[in-house]
Amino acid sequence: MLKVIIAISLLWQGIASSALPTRCASTIDQILKTLNKPVPIQGSFAALRELAKNPLEIGTKKKSLLQKIEYWSKVANREIKMSELRRIEMQSFLYESLRIDSPYRTASELKHLFFAVEENYFSLLAKEREITSLKSLKGIVSGKNGMLELAQLIESFKQDQTFSSTLLQKISKTYNKNDVLLLIDNEIVLVEDQILKRAFDIHRQMPEYSTARNFLEKMLTNNDAKIASNSAEILKNLKSNILIDGLTPYYRGVKIETPALKDLIFTLGRYPLAELLSLKQEVRIERASSLIGRLPNHKLHELMDIIVSKIPWANNPEIRSYLRSVIDEKNKLVFYPQIDRVVYSDGKIADKVKLLREIDSYDAKGELLSIFARRSDVIEDWRKMYAFAEEQAKMLTVKLGDMAGSDAEVLFFYKLKEAQGTLKTLGPLAPWHVPQKAHYFRVVVDGVFLTTGSYAVYKLGNWSFHKVFPNGPEADSKPDPTIVNSKAPTPVPAGTIAAKRPTSDGGAIPSPTSVAPAAPLVNSTIMPNPPQLDEVLNETESALEAGAPGPNPFEL
């Protein structure tokens, strides 16, 4: 925009000049130079670069983000964070896959993850080399004969592709040293942005990648020959030179071989800003999963199931089973991390049962144990803990006698027994090692479904209420005057004299002796005056007309 304004200004000056024929060419030349003149750029991470100038600020920001992650994990009553959850999910997948699947299938499942991390790593190293070359080029241009040396080197740069073709084209269009230096600075900013994005992508996938690498390398020495052989075959098929075959020229001389994890971690350590970006994303993931995890489930599911059963086109097993699966997916997100903490702990079976009892003490509804009993990939662990708890309960029952009914361990076994029964009624739950993006998408969809479903329930209830009470509950509870007995008296406004006041038989009051007994009323809250009150009111009116005080109407 600034270039356009300057160009218009120069054009106007040329037109306004009296020597237009002689200055037209020079004015147009100035306009073209202005449009091609480079301007400083800030890049995509300008705010983070300002933060990087003060290392103490980076430490403070990192601490704040870690506290937010901790807070949101506690909000969801989870004993594990989502990043650690992804590690355990990967470990669960490999533990099962090494025993069941072929090494080629397992390698194909991991191929995308390994390619993404290692390709980003090699690209990052190549970009670092490009930054070094750009700084060297800036030093050459800044010299006394810098522009002359640049003109001699520009063709060789185009041949070996040391720098981007876009940068070289821009340099070829200018002969101003300051403009060339500014172009180089802008290119450095752009390449640094690319490095940060690459480092951020590695940080984001590092939990799963490092877990897979460590697990497979550990299984190479497993006592089971099949597992050791499968692990070796998987790692062979996931080597970098196989995954990135054909892309070597794009990495500017970087040697393509599977990086050691320590080298990868060391390289990431040079970019703390990328770690901040990764932590920010973790905060968003923790917040979303925690809010979804706090949504009501069973009562809402039961209510929605009742509503669906009343809709003819929706009352089928597919839709109603999906409602159940929504609740199951939410329970996976909430309870699977806690179950994994017990299953994959290094303690003995007694320690695991104790840990499970402690975690269950926070769950008043007993949903954790029910989900544990139904989870299909930890059946053996459940059986071992159930058998141990049963043995402990029998021993304590004999030892404590009548007091066993109030013992914590005995009561806990009965909760396990009750949870075992839910497997028959609700069926097993599948493992959760699914593609991570699909898992998050499904959780988000289910969360939206639950939220909109609760809103629909509210609107349906509100609509039904107005159908029953179209004028509101108070108006509809009033008696209908058309069904009141015809002999019932009408209400008397305040200040009406007794002679005009109707009696119980509907006529005027001629004398106290002519008062008839009140007729029974139907569906009315208006009661007729008793005869004594009619007599007193009549005497009071007569006395007032004569100017004397009448009898007290409250002394009947």
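**Reading helix packing and buried residues**

Mentor: Let's jump in: on α6, P103, Y104, T106, A107 and L110 meet N230, E233, I234 and N237 of α10. Here, contact means heavy atoms within 4.5 Å. By residue type, this contact of α6 with α10 splits into five nonpolar, three polar and one charged. Nonpolar covers Ala, Val, Leu, Ile, Met, Phe, Trp, Tyr, Cys and Pro; charged covers Asp, Glu, Lys and Arg; the others, Gly among them, are polar.

Trainee: Before we go on, what kind of model is this?

Mentor: This is a predicted model, where local features need pLDDT of at least 70 and side-chain atom pairs count only at pLDDT 80 or more, while totals for chains, interfaces and linings use all residues. Residues are numbered from 1 along each chain as its sequence is written, and side-chain values use heavy atoms, with hydrogens and water left out.

Trainee: How do α5 and α6 pack?

Mentor: Helix α5 (residues 82-100) and helix α6 (residues 103-142) have an angle of about 155° and axes 11 Å apart. So α5 and α6 are roughly antiparallel, and α5 passes α6 in a left-handed crossing. M90, F93, L94 and S97 of α5 make this contact with T106, E109, L110 and L113 of α6. Those residues divide into five nonpolar, two polar and one charged.

Trainee: Which residues have the most contacts inside the largest nonpolar core?

Mentor: A nonpolar core joins buried Ala, Val, Leu, Ile, Met, Phe, Trp, Tyr and Cys residues through side-chain atoms within 4.5 Å. The largest one here has 67 residues, and L94, L110, F114, I202, Y209 and L264 have the most contacts inside it. Helix α9 (residues 177-219) gives the largest share, 17 residues. Not counting residues up to four places away in sequence, L94 touches T106, L110, A212, F215 and L216. There's also a second, separate core of 26 residues, including V334, F335, L356 and I359.

Trainee: Is Q205 buried or exposed?

Mentor: Buried means under 20% relative accessible area, exposed over 50%, and partly exposed in between (1.4 Å probe, protein chains only). Q205 has 12% relative accessibility, so it counts as buried. Q205 lies in helix α9 and, leaving aside neighbours within four places in sequence, contacts L113, A116 and V117.

Trainee: What does N186 touch?

Mentor: N186, also placed in helix α9, touches V39, P40 and I41, not counting residues up to four places away in sequence. Its C-alpha atom is 8.2 Å from that of Q42, though N186 and Q42 are 144 residues apart along the chain. N186 counts as buried because its relative accessibility is 10%.

Definitions and conventions:
Axes are lines fitted to C-alpha atoms, for helices over the stretch in contact, and angles run from 0 to 180 degrees between N-to-C directions. Helices (H or I, at least four residues) and strands (E, at least two) are DSSP runs, numbered from the N terminus. Angles under 35 degrees count as roughly parallel, over 145 as roughly antiparallel, 65 to 115 as roughly perpendicular and the rest as oblique. A crossing is left-handed if the near helix is turned anticlockwise from the far one by less than a right angle, and right-handed if clockwise.
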